[in-house]
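I open this notebook to record what I looked up in one model. The entries begin with a helix and then widen to the chain.

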Amino acid sequence: MWRLLFIALMLLSCSQEKIENFHNKSTIVGIADREIERTSAFNELVGYGVIEFKWEDENGKHREQGDFDFWKSAQNVSLRVSKVGELILWVGCVNGESWMFDFTQKRSVLRINDKELFFANALLALQLIGLEPIPVKNDVWEEGWTVAFEEGLPSSLSKQIDNGTWSATLRDPIGVELEETHELHWSKTPSNIDVMSTVNDVEIKLAFAGFSTIVRDEPMDRVFNQAYLIEKLNPDSMVVFDESQ
């Protein structure tokens, strides 16, 4: 009888373990919910670090590196790149319209709505660098997305679009400063991000040295204002791309 009781207890233990493992299993919906919660504090954000990137346009292939300042407001972005204190690029996307002030050549140019540039689609760019969640439908990532997580943070992301694929690898978590919150309780986000695209042979390496949600001393009213930037930066020429392309 004791033997039968022992077997029964063992079977009950195994059944209980299976139940617990089932309930603890991470579903895509569960992961997506945690990502929504993690990024919910990032509605307004400032960051800084070092960037290295290459791209191609009608003037050929380019490669640059420098320091950057980064601002996020909802799903709008602005990123200023400088080298030895001199502005070389300022890119952004606000309310669906993107722009890039390019000072890498003898004559500066403003490129508006060039769909092949990073940050041309602000939401996609923010998703690739881990600051906006990836949508889920019926416990499956949104069509076109391939997603991997490590230790609760995105580690590999790719998005198939009509004319190519954008992909990113993300690593090295960093705390995002939250007001009136001890740094032990700051939300984490990847700080080193490598972005690649088959759309236009784009490669970008972002190394964030710091993030903060405290933006009251930041020029948020100016860094997203294209008209203000045009007046202040005064580019030599402007190229407006056909939005239908």
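Entry 1: I note that the model is predicted: local features need pLDDT of at least 70, side-chain atom pairs count only at pLDDT 80 or more, and totals for chains, interfaces and linings use all residues. Residues are numbered from 1 along each chain as its sequence is written, and side-chain values use heavy atoms, with hydrogens and water left out.

I then asked which residues of α5 (226-233) are buried, and found Q226, L229 and L233. Here buried means under 20% relative accessible area, exposed over 50%, and partly exposed in between (1.4 Å probe, protein chains only). The buried residues of α5 fall within an arc of 60 degrees seen down its axis, so they line one face of the helix; the arc is taken from the directions from the helix axis to the C-beta atoms. On the face turned away from the buried side I found the exposed residues A227, E231 and K232. The cover over the buried residues includes β4 (86-94), β5 (97-102), β6 (109-112) and α4 (220-223). Just after α5, N234 has a positive phi of about 50 degrees.

**Entry 2: nonpolar cores.** A nonpolar core is a set of buried Ala, Val, Leu, Ile, Met, Phe, Trp, Tyr and Cys residues joined through side-chain atoms within 4.5 Å. The largest has 45 residues, and F70, L79, F118 and L206 have the most contacts inside it. Apart from it I found another core, of 14 residues, among them W90, L110, I112 and V215.

**Entry 3: A41.** I located A41 in the loop between α2 (28-39) and β1 (44-57); helices (H or I, at least four residues) and strands (E, at least two) are DSSP runs, numbered from the N terminus. A41 counts as partly exposed because its relative accessibility is 32%. Leaving aside neighbours within four places in sequence, A41 is in contact (heavy atoms within 4.5 Å) with L178 and T213. A41 and L178 are 137 residues apart in sequence, yet 8.0 Å apart C-alpha to C-alpha.

**Entry 4: whole chain.** I recorded five helices and 14 strands. Of the 245 residues, 45% count as buried.
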